[in-house]
Structure formats: C-alpha cells, structure tokens
Amino acid sequence: MKGPVAIILAAGQGKRMKSEKPKVLHEVCGQSMIRHVVHAAFGAGVSDVVVIVGQGAEEVKANLEGYANVHFATQHQQLGTGDAVKSARTVLKDYAGPVMILVGDEPCMRSEPLASLLEKQKTTGVECLMGTSIVPDPSGYGRILRDTTGRFLRIIEQKDCTPDQAAIKEVNPSCYVFMAQRLFESLEEVRPANAQGEYYLTDVPEILQRKGHEVQAIVALEADDILGINTRQHLAEAHAIMSRRILDRLMDEGVTIYDPRTTYVDSRARIGADTVIYPFSVVDGEVTVGKNCRIGPFALLRHGTVLEDKVEVGAFVDIVRSELGEGTLVRHLSYLGDTEIGKRVTIGAGAITANFDGRHKQKTTIGDQVTIGAGSVLVAPTSIGDRSKVGAGAVVTSARPVPEDSTVVGVPAQPISKARDRQSGPVDPEQPPR
Ligand code: UD1
Ligand code: CA
C-alpha cells in the first residue's frame with residue numbers, strides 16, 4: 001500500500017436504530033453511510049481503505065463490492081474502538097506510513113478537512129494529529145481536555161466525565177491521523193478501565209504523549225461534518241445537511257432550484273446547467289439530466305433515468321429506467337418505465353407505459369417526433385416508429401407495434417389512413433376505424 005491509509009470503524013450494530021440491518025448501511029441521500037465515509041476518505045487522498053466489519057459483516061462487504069483498494073478486517077467481538085482498530089493490524093502488517101482513522105457512522109464527513117489534516121500531519125511529522133470540533137451541544141461525544149496553556153491532555157468519554165468536563169464544548173469527532181507503528185504499539189497498552197469496560201481508542205493519544213511522542217489536537221471540523229448517527233432522528237438530520245449540500249453544489253454548477261426546502265436530489269444524480277427545478281420535485285437514484293431542462297413541480301425522476309438537453313417533465317410525472325431524447329415533453333400526469341424515447345416527442349397528459357406484465361419489466365421504444373395522445377396506454381413490450389401519432393385514449397398492444405409515419409387510434413390501437421387522419425383532425429377514440 002502506498003499510503004496514506006484510512007481505517008473506518010464499522011463493526012457495531014447500532015442498537016438504537018431498531019433495525020435489522022447494520023447501522024452503517026442506512027442510507028443518506030441515496031447511498032449507505034459507509035459509502036459516504038469511504039468516498040470522503042478517498043477524496044482526501046488516501047490510497048487504501050480498511051473497513052472494520054463485525055455485526056452484519058457480509059452485508060457491509062456486499063455494499064462495498066466493486067470498490068478498488070477497499071480491504072476488510074473482521075472484529076469478532078465488539079470490545080471497543082481500540083480493539084476495532086487492532087483488528088486492522090494483519091491487513092496493514094507491511095505498512096508503516098500515516099493511518100487516518102474514521103468512523104462509519106458519521107456520513108456527513110467531508111473530504112476537504114480530512115485532506116488538510118493529512119497534509120498537516122505530513123508537514124509536521126507528528127505521531128498523532130487529531131481533528132476536533134467545537135459544537136453547541138457536545139452530548140454523546142468524548143470531550144477534549146487541555147491544560148491552561150491549551151496543550152492537549154487527553155480525551156474523556158462522556159460516561160467518564162465530571163460535570164465540569166461534561167460542559168466542555170470541544171469534542172472528539174473520531175478523526176485521527178497516526179503513524180502506523182506507534183499506533184499498533186500503543187493499542188497493546190490500552191486497558192478497559194472505564195465506565196463501559198471497553199478498549200477505548202481515545203486512550204491512545206494520551207499513551208503516546210506519555211511516552212514522549214508528539215500529539216496535536218486542532219479544531220478542524222464543523223458540527224455538520226461530525227454528526228454521528230445513533231437514531232432515526234439523527235438520520236433525518238444527516239439527510240437535511242447532505243441534501244442542502246447537494247442542492248448548493250448544483251446551484252454553484254448553474255442549476256436553478258426554486259425551493260430547496262421541497263426539492264430532493266440524490267447524491268449520485270448529475271444535472272446540467274440552466275436546468276430549472278420547480279418545487280416538490282424528487283430526483284432519486286442514479287439519474288442524469290441534461291442542460292436547459294425543466295423539472296416539476298411535483299416530478300419524480302427515479303433510478304436509471306436519463307434526460308437529454310431541453311427535456312420538460314411536468315407535474316405528477318413519474319419516470320424510471322428511461323431515456324428521453326432532446327426536446328421531448330412530458331408535461332403532466334404520466335408514468336414512463338423502461339422506456340426509450342427519441343427527440344422532440346410529445347407525451348400527452350396522462351399517457352402511461354404499462355411496463356410490468358405480471359412477471360417481468362418490459363421495454364417500450366418510441367422514435368423521434370412522435371405524438372402520444374392524452375390518456376393512452378402503451379403496453380410493453382412495444383414500439384412506436386418515428387413521426388407516428390397515437391390517438392387520445394388508445395391502447396397500443398404488444399401484438400401491434402406502431403410503424404413509422406402512421407397514426408393509430410382505438411382499443412386496441414389500429415392504423416387509420418393518412419387521408420382520414422388529415423380530414424378528421426384530432427383523433428376520436430370513440431370512433432375507431434372499421
Ligand atoms: C466514539 C468515541 C468518542 C467520539 C464518538 C464520536 C471512543 C471510545 N469514543 O464514541 O470519543 O466522540 O465516537 O465520533 O472511541 N465500533 C466498532 N467496534 C467496536 C466499537 C465501535 O467497530 O467494538 C465502531 C462502531 O460501529 C461505530 C464507531 O466504531 O461506527 C464508533 O463507535 P460508537 O460506539 O458509536 O462510539 P461512540 O460511543 O460514539
Ligand atoms: Ca457514535
């Protein structure tokens with residue numbers, strides 16, 4: 001391993017979540033907490049990540065499948081954070097550089113302050129650099145004790161605090177950089193002599209200092225970065241923080257968002273400049289939206305949706321696993337699932353694709369410049385050729401896909417002649433041909 005390396009602690013169950021799944025697999029803005037922390041670590045410049053797994057180990061590993069340079073170490077019994085870090089020793093036996101330690105239940109951790117900590121450790125060469133944070137409400141966190149000159153003394157866990165210590169607002173976010181060798185040496189000296197009877201990682205800085213090594217604690221993180229998730233209420237807070245960050249980034253990139261309070265965009269979504277999002281719209285999952293699009297109000301774009309430039313998706317439209325070509329309009333009350341749509345297509349109000357045949361999801365393909373009438377149903381698998389028109393209320397079946405340049409009406413939809421189409425003007429579903 002080239003280094004620096006990150007160890008992320010994720011072996012606990014998280015009892016207060018009242019959940020069957022491991023705590024770090026709960027999602028914030030579309031991705032598991034552990035993934036967010038892994039991304040923050042790589043974003044800060046680490047070469048490798050070691051995730052400590054225990055409770056629900058297989059599920060956690062599966063959630064991180066396919067990531068290069070993510071390794072796993074198992075902590076068989078949850079004896080405390082110090083013991084958890086010790087489990088990484090075998091994976092890191094040939095590594096001697098800096099190790100950043102993070103916890104898997106702080107999903108809002110950003111990579112920028114972590115990168116600064118790594119940089120600072122590199123330039124100062126200290127054996128232990130801790131990032132701390134000053135928060136309005138320190139409850140739940142370990143507190144940072146300093147002497148009168150401000151020099152770091154030790155970390156004291158809330159459960160071991162005197163009332164005076166409990167009032168300290170500088171806290172330990174569990175974000176440390178150690179040099180590997182000293183870290184593992186010192187962990188051997190940690191004893192479970194505390195209120196919880198656990199092996200505390202928080203004892204290590206004090207042990208190092210006592211042995212004459214240099215330890216520094218600097219205020220480096222904001223309250224939002226270090227929000228630890230123990231309950232569903234915390235999860236909702238993390239959602240609010242991350243959601244706001246995502247929307248701010250999109251606005252920085254040129255997207256108009258009229259009402260950030262009622263707009264939700266997944267952390268994996270990409271949205272082009274000059275797209276406008278109206279209130280009460282949700283972009284959920286891996287979704288790509290081009291430039292100059294118009295979304296909402298009340299639109300739902302789900303996983304696997306791709307909108308090319310200048311697409312309009314209006315009120316009460318639900319789209320999943322579908323691609324819409326440039327200039328296509330879906331303005332009201334439609335459901336499009338597993339549908340590929342060409343350029344400059346108009347989907348009338350209330351038109352839907354019936355993509356589920358009871359057993360499988362089926363595909364619908366719609367060509368360029370097609371007009372789909374209001375209230376029509378396209379029963380997949382089916383296709384509509386370029387420049388064709390489907391009458392209002394028509395039901396296009398799998399048995400009769402619509403060829404190019406044709407007009408179909410009725411239930412089930414059938415072609416009508418060009419001449420009649422021209423004469424009759426708008427198609428009347430009550431009067432299908434023949
Ligand atoms: C820890 C810190 C505390 C800090 C707080 C928030 C210690 C002793 N205390 O307390 O100073 O303010 O985090 O960052 O470190 N874990 C394991 N194996 C274990 C125990 C924990 O993998 O045996 C993992 C958990 O899954 C979790 C993380 O370590 O992801 C933190 O554990 P948690 O029990 O939440 O520690 P805190 O009590 O919050
Ligand atoms: Ca915690």
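Let's start at the ligand. Glutamate 157 has a polar side-chain atom 2.6 Å from an oxygen atom of ligand 1. Keep in mind that this is a predicted model.

Aspartate 105 is another. An N or O atom in the side chain of aspartate 105 is 3.4 Å from an oxygen atom of ligand 1. How much of the ligand does the protein bury? Ligand 1 exposes 760 Å² when taken alone, and the protein buries 84% of that.

Now, where does ligand 1 sit? In the largest pocket.

Next, the neighbours. There are 22 residues around ligand 1. Which come nearest? Gln75, Thr81, Glu106, Glu157 and Asn172 do. What classes make up the shell? Nine residues are nonpolar, ten are polar and three are charged. Two elements to find on your screen are strand S1, residues 5–10, and helix H3, residues 81–86. Each of them supplies at least two residues of the shell around ligand 1.

Which strands are at the edges? Look at S15 and its partner, strand S18, residues 288–289. Two bridges join them, and the two strands run parallel. In one bridge, arginine 270 is partnered by threonine 288 of S18.

Now the sheet of ten strands. It is open too, and it runs S13-S16-S19-S22-S25-S28-S31-S34-S36-S37. Is the pairing here parallel or mixed? It is mixed. The edges are strand S13, at 256–257, and strand S37, at 414–416, each pairing on one side only. Inside this order, strand S16, residues 276–277, is joined to S19 by two bridges, and that pair runs parallel. Valine 276 has arginine 294 of S19 as its bridge partner.

Last stop: the loops. Find the cis peptide bond between glycine 296 and proline 297, with omega about 0 degrees. Proline 297 is in the loop between strand S19 (294–295) and strand S20 (299–301). A cis peptide bond also joins alanine 380 and proline 381, again with omega about 0 degrees. Where is proline 381? In the loop from strand S32 (377–379) to S33.

Two backbone angles to finish. Leucine 333 is not a glycine, yet its phi is positive, about 60 degrees. Leucine 333 sits in the loop between strand S25 (329–332) and strand S26 (335–337). Aspartate 338 is not a glycine either, and its phi is positive as well, about 50 degrees. The loop that holds aspartate 338 lies between S26 and strand S27 (339–341).

That's my tour. Go and find these places in the model.

Conventions. Residues numbered from 1 in each chain as written. Chains lettered and ligands numbered in written order. Predicted model: local features only at pLDDT ≥ 70, side-chain atom pairs only at ≥ 80, totals over all residues. Heavy atoms only, no water. Near = heavy atom within 4 Å. Polar contact = N/O pair within 3.5 Å; in protein donor to acceptor, adjacent residues only side chain to side chain. Areas by Shrake-Rupley, 256 points an atom, 1.4 Å probe, with all protein chains shown as cover. 1 Å grid on protein atoms, 1.4 Å probe; cavity = no way out; pocket = protein on both sides within 12 Å on 5 of 7 lines; lining within 4 Å. Sits in = over half its atoms within 2 Å of the grid points. Helix = DSSP H or I, 4+ residues; strand = E, 2+ residues; numbered from the N terminus. Nonpolar A, V, L, I, M, F, W, Y, C, P; charged D, E, K, R; others polar. Pairing = 2+ DSSP bridges.
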